[in-house]
Amino acid sequence: MTRIIQGFMQFRKDVLPEKETLIRSLANGQSPQALFITCSDSRLNPNLLTQTEPGDLFIIRNAGNIVPPHTCGATGETATIEYAVQHLKVRDIFVCGHTHCGAMGGLLKPEALSGLPLVRGWLSHAESLRDWINGEGSRMSASQRLARLVELNTLLQTEHVRAQPTVKNALEKGTLRLHSWVYRLEDGMVQAFDQTKNSFVALEDAVRQKMGSEVHKAASVAPLSSQVGQIVDY
Ligand SMILES: [Zn+2]
């Protein structure tokens, strides 16, 4: 028996009895809080990372956490985003890249993709990063270049999400927030894009800072219009 089938048998025996009420209730419908868009990489597990249960996250996964621009029409990604925002009314969308991403490595070295024409075609949705790769990126060490490319791709794909009409509409209404994250395989930490600093910062720091500023602000709440469209609002 493979480990995968053994795992299912163990799930049936040990886990299912514990979570039976939750799992049965989900047969009646779902109301996930968030859409999580991330890479297919086996080393990143969205539910483990966010300590979420079945029913909590609507998930899109593909090589490179890529979202084709909405001008490409109906793709698996654009349709799933539309469904998540319009029908499920998720309140947050996370675009989560990760360090050491093989897809981003392929974008850096297209010659290595000669036997993978479909992967090469798929990565065309990140091709606008080519100028950076050939310019500023070319002056960095190989590891720095890949790490920064992962961040830039995460931001680019977040912009593709933002430009989708259903998302734009929900952002304008203030019913949706966008988050750009990079998960670090090295230490299990998350770096979140902080729009005010225009850089990625440790998620813990972003959360701490937000809580601190809320204490200082006391009862004064920023007008909704100033929050609309922000990538990060912790
Ligand atoms: Zn990846």
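Modeller: The donors of the zinc ion follow the spacing C-x58-H-x2-C along the chain. This is a predicted model, in which local features need pLDDT of at least 70 and side-chain atom pairs count only at pLDDT 80 or more, while totals for chains, interfaces and linings use all residues. Residues are numbered from 1 along each chain as its sequence is written, and side-chain values use heavy atoms, with hydrogens and water left out.

Colleague: What makes C39, H98 and C101 donors of the zinc ion?

Modeller: Donors are N, O and S atoms within 2.8 Å of the metal (3.2 Å for Na, K and Ca); water is not among the atoms, so sites may look incomplete. C39 (SG), H98 (NE2) and C101 (SG) coordinate the zinc ion at 2.1 to 2.3 Å, and therefore they qualify.

Colleague: Which strands hold C39 and H98?

Modeller: C39 is in strand β1 (residues 34-39) and H98 in strand β3 (residues 92-98), 59 residues apart. Strands (E, at least two residues) are DSSP runs, numbered from the N terminus.

Colleague: Are C39 and H98 buried or exposed?

Modeller: Both C39 and H98 are buried, a term that means under 20% relative accessible area, with exposed over 50% and partly exposed in between (1.4 Å probe, protein chains only).

Note on methods:
Helix = DSSP H or I, 4+ residues; strand = E, 2+ residues; numbered from the N terminus.
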